[in-house]
Amino acid sequence: MELTKNYIEELKNSPNGKLKSFVGQLNGDNAKVVFVLENLGKLPRNFDGEWIYDLANDDNAKIRLGAVKNLGKLKDEKVITFLSRQIQSEEDTTIRREIVSSIGRQRNPISKKILLEILKDEDPKIVCQAIRALLVFRKDEKIIEQLKPLVNHQNEMVRTVIYKEFFAEKKEKSAIPHTETYSYLKNKVVHGDVRDVLKNVEDESIHLTFTSPPYYNARDYSIYPSYQAYLDFLAEVFKEIHRVTKEGRFLIVNTSPIIIPRISRQHSSKRYPIPFDIHNDLMKMGWEFIDDIIWLKSEASVKNRNAGFFQHRKPLGYKPNAITEYLMVYRKETTRLIDWNIREYDKKIVEESKVKDGYETSNVWKIDPTFNKVHSAVFPIELCKRVIQYYSFEGDIVFDPFGGSGTVGRTAKALNRLFFLTEKDDNYFDYMKKQAKPNAMFDEVKTEFLELSEFKTLKSNDTNTASN
Ligand SMILES: C[S@@+](CC[C@H](N)C(=O)[O-])C[C@H]1O[C@@H](n2cnc3c(N)ncnc32)[C@H](O)[C@@H]1O
């Protein structure tokens, strides 16, 4: 008889231990035994599962795993005592985790003691599994007393589970609904230092920030006394952005290591790994790391550093052309899932914001850079389009603290989003102003260019702080 799922189903529901004798006859055919175990599905009441215990001691790990999974489905105290012995001798990590899950599935108070013992396991996934199983008995204060101290566990996953369960403070409700923002921010470009401007922005008012910060002293528009001063400056800005970002929303930072040319032939040039240095600061201030996207440019579009090596070919003098930059993706840390964020929106908005076919499926985005006569580091529109479409909904407000030539603003508007930009340089601010199309009659929200003082006035006049 050919071994099929239907045949297993038939045997499983036949009386007189038909399945047991069938498996007994499979002697040595491990693949078939595994197939049976993997396709047993839900077990009928009064199922005779005695034969499965033996398989939990088989030499073949796949058979042991299948056996342990199926033992979990038998509602029998014997399963708990058997598996609690089994975990002590089992060495395979996957099977050990399955054992704990199968003990948990019993939901039987006699397993409490065993599960509490398992909390001391070295494998954090096993500990998390045991915590899940113990939380079934959350009404038992003694269990809670034993679980709470794990908030100081050495493993971060364990700490997070316990924190979320027992310590996460109920967040105070945001002053305005998640999908809305304040009118004094809508389509505004403010001329000033982003740090001064942000002091006038309410908590939780921004849906998405996409920005390319200054490249330390590699370009002409910003001079910092030291690299550390530069990193501190960025930390200050990103901390404020964290405050003004709505719960669970995204920050995408475009950076790359930079090179400061040597000052004379006696010195070497110096490379600064900006993305790697700002990453730790971001994590500490409560940004959760989500993804690293590589922006890949054509080699013809970047500065050639290869000429010397091309001639001499001597090891150690190798200098690759840098054709990538990072888009570092972070989310404002929260115990809420992304689904929560999505559920805050009307179905219509979610539908209209859906990303069309042809979207980028990998984390390498091949996009050629854009060159601009006025600004030396503008975003390509395609780069902005992708970020805005993948990380915001229509009607959201997108912020760029380092506005430059205003690419984020223009693209956000074209994609039916709102924008808020800051830029401290006079020339770039004026450039953005000139670029802006005179207000189209049908613009729902007028684009406005403001000095810091005007922005402050606007904010205080915006007495109706709720969105309008
Ligand atoms: C890398 S550029 C951004 C270019 C922009 N992404 C675009 O598409 O045009 C960084 C910009 O940040 C601005 N900037 C530097 N420090 C600033 C600060 N403290 N506040 C506001 N803007 C600042 C610079 O003048 C520069 O225009």
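This is a predicted model: local features need pLDDT of at least 70, side-chain atom pairs count only at pLDDT 80 or more; totals for chains, interfaces and linings use all residues.
## Geometry of the helix pair

Two packed helices are described by the angle between their axes and by the distance between those axes. Helix H18 spans residues 381–391 and helix H19 spans residues 407–414; their axes lie 9 Å apart, and the packing angle is about 55 degrees. Because of this angle, H18 is oblique to H19. The crossing of H18 and H19 is right-handed.

## Surroundings of the ligand

The ligand is surrounded by 19 residues, and the closest are Phe-379, Phe-402, Gly-404, Ser-405 and Thr-407. The shell around the ligand consists of eight nonpolar, seven polar and four charged residues.

## Strand pairing around S7

Strand S7 (residues 324–332) pairs with strand S3 (residues 245–255) in the antiparallel sense, over six bridges. Within this pairing, Leu-251 has Tyr-330 in S7 as its bridge partner.

Strand S6 (residues 287–296) is also antiparallel to S7, and nine bridges join the two strands. Here Asp-291 has Val-329 in S7 as its bridge partner. In a regular strand, the side chains alternate between the two faces of the sheet.

Note on methods: Residues are numbered from 1 along each chain as its sequence is written. A residue is near a molecule or strand if its C-beta atom, placed from the backbone, lies within 6 Å of it. Ala, Val, Leu, Ile, Met, Phe, Trp, Tyr, Cys and Pro count as nonpolar, Asp, Glu, Lys and Arg as charged, and the others, Gly among them, as polar. Axes are lines fitted to C-alpha atoms, for helices over the stretch in contact, and angles run from 0 to 180 degrees between N-to-C directions. Helices (H or I, at least four residues) and strands (E, at least two) are DSSP runs, numbered from the N terminus. Angles under 35 degrees count as roughly parallel, over 145 as roughly antiparallel, 65 to 115 as roughly perpendicular and the rest as oblique. A crossing is left-handed if the near helix is turned anticlockwise from the far one by less than a right angle, and right-handed if clockwise. Two strands pair if DSSP finds at least two bridges between them.
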